[in-house]
Amino acid sequence: MFSSQDCLCTGVYQKRRKKVQKMNPLEKLRHSAAHVLATAILEIWPEAQLAAGPPVEGGFYYDVELDHRISPEDFPLIEEKMRRIIAERQPFKRIEVSREEARELALKGRLGALSERATPSRYKLDILESIPENEPITLYQNDHFIDLCAGPHVEDTGWIKGFKLTHVSSAYYKGDEKNPQLQRIYGTAFYSEKELEAYLKQLEAAKQRDHRKLGKELELFLIDEEVGPGLPLWLPKGAIIRAELQAFLTEELQRRGYLLVHTPHIGSLDLFRISGHYPYYRDSQFPPILEPAELKEFEQKQMSCAELANRLEKGEVSGYLLKPMNCPMHIRIFAAKPRSYRELPIRLAEFGTVYRFEKSGELSGLTRVRGFTQDDAHIFCMESQVEAELLSCLELVKVVVEKLGLTDAKARLGLRGEDKEKYVGGAESWQKAERDLRKAAQESGINFVEEPGEAAFYGPKVDFLVKDAIGRLWQLGTVQLDYNLPLRFSLTYVGEDGNKERPVIIHRAPFGSMERFLAILIEHFEGHFPLWLAPEQVRVIPLSDAFVPYGQKVTALLQQHKFRVTLDRKNETLGAKIRIAQLEKVPYMLIVGKKEEQMSRVSVRTARKGNLGEMELEAFLSLLLTECKERRI
RNA sequence: GCCGGCUUAGCUCAGAGGUAGAGCAACGGUUUUGUAAACCGUGGGUCGAGGGUUCGAAUCCCUCAGCCGGCUCCA
């Protein structure tokens, strides 16, 4: 019941924040660059209807409605015009007008335009309507281009020294699927050419550590068309990392009193009817699975799909669902027998694989998939235990994040939004839940921001967000407080006074999902995994065939200590073998030749630091043992 | 799901209407190597799938799939 895969769309996040923040100088410049882009577009296509053109992280965009489909092929022409506009150093003039004057201009098609036009500026008109009564209406003009705009802008277009159009996409007007689709042209701009170049270079470098690229190069995972989109296959090397991560977390769980359970991948439709996920979230689930006999009967009756769907929804037809979450099954484990307050809290944990039918356009590498494994657990406790349990969960997420060096992780306390309809439960339990979670977050010492509207529908949550290589923000770990499911499943325990009491559920996943977490880890380490996670930890490289026997001895010793070692017997030069090991990002290379064999030593080279020189074999072994045992990063 | 782009050998990519190429990898030899690429040879492709235009299609058109970038959604 929690959203370990929830992606907080950067754009939306930015927009919401921008309203309350003043623009910094770079944003101001980029905002002006958006106006220059709009001017250039209008010079080419005067009929274009403009919507909005704000600065965003990394650049700016302008949304336009235009019959001509703008493609990157059009960029050179647009950029050429922009360069000219910049060279002309056109001043930005601020003009304050009355609401009526602005309206008249918009009706004459003069807003977001170079001249009056036959068609009114429909989006500008709409934006004008949405400006609060007490706010002044301002226009900004450069050359013949007049736009409805709150500003601010740089003095003139000449300030834009380095700019580039980057990509084009579509966007719904005001982000609403029901509104028309506009073309969104993205670009970036800087105060100097040099900064632009540095930025583009940095973008290029970021692409090098993209987990989809490294995942393929290092043979960690595979997304195969024949298996299905969004259904990653873990290759042997990736599976090792996954297993090591699970082993690490399992140790932490056992230390904290969790009980491991295991539940199936499918469950009865009725289970998910009780939890509320079917049919309410039907669109984001794989359709139900029917029993063969029942399916045959429907075939014979020639039942239409619509009829079948209808009967499934009404609960007249039984079936199974690929589980979209693990909680209902953990709940059934809790409900399997009467529970006493004495045994609470009960913490049920599972690396549980769930399936969600994400829209095809949303799938992305390992970060957004249709089948993924959550490091899930549900803590069933008394209200009086909530605070301590929350604190323990937050501490665990902190341990995980710190142990793996994800120091950029940002925590967010998601609170109930203004639209109370979207949330279940009374004001009182929400206030209590929010207060408890806020208190726990503060006590845990994490830095967090509060975000109304980001709660789960059943309760507030703390999410840990991390950016990927190309700057997209993803939710990893999460801790969520839930008063809803215990009610829906009528969960009880026997309290101290013998009365039945309602437990509280805490949902939590420190990694979030194994898939997304590994994606972030690949990018974070740029494929250079720490020793304890590395699929191949040591490669022994004999100088020539003559030293293979010594190499075998070294390999055997390390294998005895459970290290993942391979002996490179390839018929290649030393340089070539080292190059291959480097590209495969094997953390330790041991070069063995005559010197090493005679002295029972090894020459140590690390993928990250290069040649470290010779070392006693035993000394190297103890170094490895320490590094691995402490899970150093 | 929507808009745009892309899809050629295991990988990275050339080929733009005249019948498929390179480098790396693989395989077979030669070489026996001291810290990021030894040398020679061999095999490998319904050019994402299907349909159309054409004497002729990797190349042009249509449909579909997958991927990429956004948008929307996201328990």
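Visitor: Is Asp408 buried or exposed?

Guide: Asp408 is exposed, because 11 other C-beta atoms lie within 10 Å. The cut-offs: 20 or more other C-beta atoms within 10 Å of a residue's own is buried, 12 or fewer is exposed, anything in between is partly exposed, and the C-beta atoms are placed from the backbone. Bear in mind this is a predicted model, where local features need pLDDT of at least 70, side-chain atom pairs count only at pLDDT 80 or more, and totals for chains, interfaces and linings use all residues. As for labels, residues are numbered from 1 along each chain as its sequence is written, while chains are lettered from A and ligands numbered from 1 in the order in which they are written.

Visitor: Where does Asp408 sit?

Guide: In the loop between α13 and β16. Helices (H or I, at least four residues) and strands (E, at least two) are DSSP runs, numbered from the N terminus.

Visitor: Which residues is Asp408 in contact with, leaving aside neighbours within four places in sequence?

Guide: Val466 and Lys467. Contact means that the two C-beta atoms, placed from the backbone, lie within 7 Å.

Visitor: And how far apart are the C-alpha atoms of Asp408 and Lys201?

Guide: They are separated by 21 Å, and the two residues are 207 apart along the chain.

Visitor: OK, on to β18. Why is β18 largely enclosed?

Guide: Strand β18 covers residues 461–467, and six of its seven residues are buried, so the rest of the structure largely encloses it.

Visitor: What joins β18 to β16?

Guide: Five bridges, with the strands running antiparallel; β16 is residues 410–415. Ala411 stands opposite Phe464 in β18. For two strands to count as paired, DSSP has to find at least two bridges between them.

Visitor: How many bridges pair β18 with β19?

Guide: Six, again in the antiparallel sense, and β19 is residues 473–482. Asp463 stands opposite Thr478 there.

Visitor: What about the hairpin of β18 and β19: which residue takes a positive phi?

Guide: Gly471, near 85 degrees, and the hairpin has five residues between the strands.

Visitor: Back to α13. At what angle do α13 and α14 pack?

Guide: About 45 degrees, with the axes 9 Å apart; α13 is residues 386–403 and α14 is 427–444. Axes are lines fitted to C-alpha atoms, for helices over the stretch in contact, and angles run from 0 to 180 degrees between N-to-C directions. That makes α13 and α14 oblique to each other. Under 35 degrees counts as roughly parallel, over 145 as roughly antiparallel, 65 to 115 as roughly perpendicular and the rest as oblique.

Visitor: Which residues of α13 and α14 make the contact?

Guide: Among them are Leu390, Leu391 and Leu394 of α13, and Leu437, Ala440 and Ala441 of α14.

Visitor: What about α2 and α3: at what angle do they cross?

Guide: Roughly 120 degrees, and their axes come within 9 Å; α2 is residues 25–44 and α3 is residues 75–87. They are therefore oblique to each other. The contact involves residues including Val36, Leu37 and Ile41 of α2 and Leu77, Ile78 and Met82 of α3.

Visitor: New topic: in what order do β4, β5 and β6 come in their sheet?

Guide: The order is β4-β5-β6, an open sheet with antiparallel pairing. The edge strands are β4 (93–97) and β6 (145–148), each pairing on one side only. Strand β5 (residues 137–142) is joined to β6 by four bridges, and Asn142 has Phe145 in β6 as its bridge partner. Helix α4 (residues 99–107) packs on this sheet, touching β4, β5 and β6, and its direction makes about 50 degrees with that of β5.

Visitor: And α12, how many of its residues are buried?

Guide: Six of the eight, so to speak mostly covered, for residues 327–334. The buried ones are Cys327, Pro328, Met329, His330, Ile331 and Phe334. They pack against elements including β14 (346–355), β15 (371–381) and β22 (504–509).

Visitor: Zooming out, how is chain A divided into domains?

Guide: Domain 1 is 17–207, domain 2 is 233–265 + 323–525, domain 3 is 266–319 and domain 4 is 538–629. Those bounds come from an automatic or database domain assignment. The C-alpha centres of domain 3 and domain 4 lie 58 Å apart.

Visitor: Last one: how many helices and strands are there in chain A?

Guide: There are 20 helices and 27 strands. Of the 633 residues of chain A, 38% count as buried.
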